[in-house]
Amino acid sequence: MTAQTPRRAVGDLRTVLSVTLQQPNESGVLTAVNLTGLTVTFSMFNAADGTTKIAATSTGVTVVTAASGTVDYDFSSTGVDTPGVFYGVFHVIQSGQSDAIPVRAKDLKIIFDRPGVQTGEEAYSAAVAAE
């Protein structure tokens, strides 16, 4: 999966997070993960302090095109209620075995702004300074 940084407003629920899950093949080339017959979950962590914002869940995850690895995540209201910078991770599960995608956790950075009040980066900086 190539690095992505979607930006959303706090409270936005209409637009889903759409991604193509990819992993390096034997030659190191990023290739779509064939999701046929696999379970996909999503989790999200606060970049400032590492706390879990969304625990791994299949709720809200839709496999759009299994063969090409395309999935959507439809956020719930509790997942979009806080400004800041977050890292998202999809988990592909087969027979109890799991792969995290992206493999590099910081490749799916999601920024939530509170328009007119605070950017996600400002919220992140304030949270880091408070520790």
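Modeller: By the rule used here, the count comes to three salt bridges, a salt bridge being a side-chain nitrogen of Lys or Arg within 4 Å of a carboxyl oxygen of Asp or Glu. This is a predicted model, in which local features need pLDDT of at least 70 and side-chain atom pairs count only at pLDDT 80 or more, while totals for chains, interfaces and linings use all residues. Residues are numbered from 1 along each chain as its sequence is written, and side-chain values use heavy atoms, with hydrogens and water left out.

Colleague: What makes the pair of Arg-7 and Asp-113 a salt bridge?

Modeller: Their side chains meet with N to O at 2.8 Å, and because the limit is 4 Å, the pair qualifies. It links distant parts of the chain, with Arg-7 in strand β1 and Asp-113 in strand β11 (residues 109-113), 106 residues apart; strands (E, at least two residues) and helices (H or I, at least four) are DSSP runs, numbered from the N terminus.

Colleague: Why is Asp-113 called buried, and what is Arg-7 called?

Modeller: Buried means under 20% relative accessible area, exposed over 50%, and partly exposed in between, with a 1.4 Å probe and protein chains only. Asp-113 has 13% and is therefore buried, whereas Arg-7, with 47%, is partly exposed.

Colleague: Which residue in helix α1 pairs with Arg-7?

Modeller: Glu-121 does, since it lies in helix α1 (residues 120-130) and Arg-7 in strand β1, so the pair ties together parts that are 114 residues apart in sequence. The N to O distance of this salt bridge is 2.6 Å, and Glu-121 is partly exposed at 32%.

Colleague: How do you know that Asp-81 and Lys-53 form a salt bridge?

Modeller: Their closest N and O atoms are 2.4 Å apart. Asp-81 lies in the loop between β8 and β9 (84-94) and Lys-53 in strand β6, so the pair ties together parts that are 28 residues apart in sequence. Asp-81, at 39%, is partly exposed, and so is Lys-53 at 25%. Salt bridges that share partners, for their part, join Arg-7, Asp-113 and Glu-121 into one network.

Colleague: Why is Arg-8 not given a salt bridge?

Modeller: Arg-8, placed in strand β1 (residues 7-9), is buried, and the nearest side chain of opposite charge, Asp-12, is 5.8 Å away; charge here counts Lys and Arg as positive and Asp and Glu as negative, leaving out His and the chain ends. Leaving aside neighbours within four places in sequence, Arg-8 is in contact (heavy atoms within 4.5 Å) with several residues, including Leu-17, Phe-75 and Asp-113.

Colleague: How do you know that β7 and β8 pair?

Modeller: Two strands pair if DSSP finds at least two bridges between them, and β7 and strand β8 (residues 70-73) have four, in the antiparallel sense. Val-63 stands opposite Val-71 in β8.

Colleague: What makes β2 and β7 edge strands?

Modeller: The open sheet of three strands has the order β2-β8-β7, with antiparallel pairing. Here β2 (17-20) and β7 (61-65) each have a single partner strand, so one side of each is left without a neighbour in the sheet.
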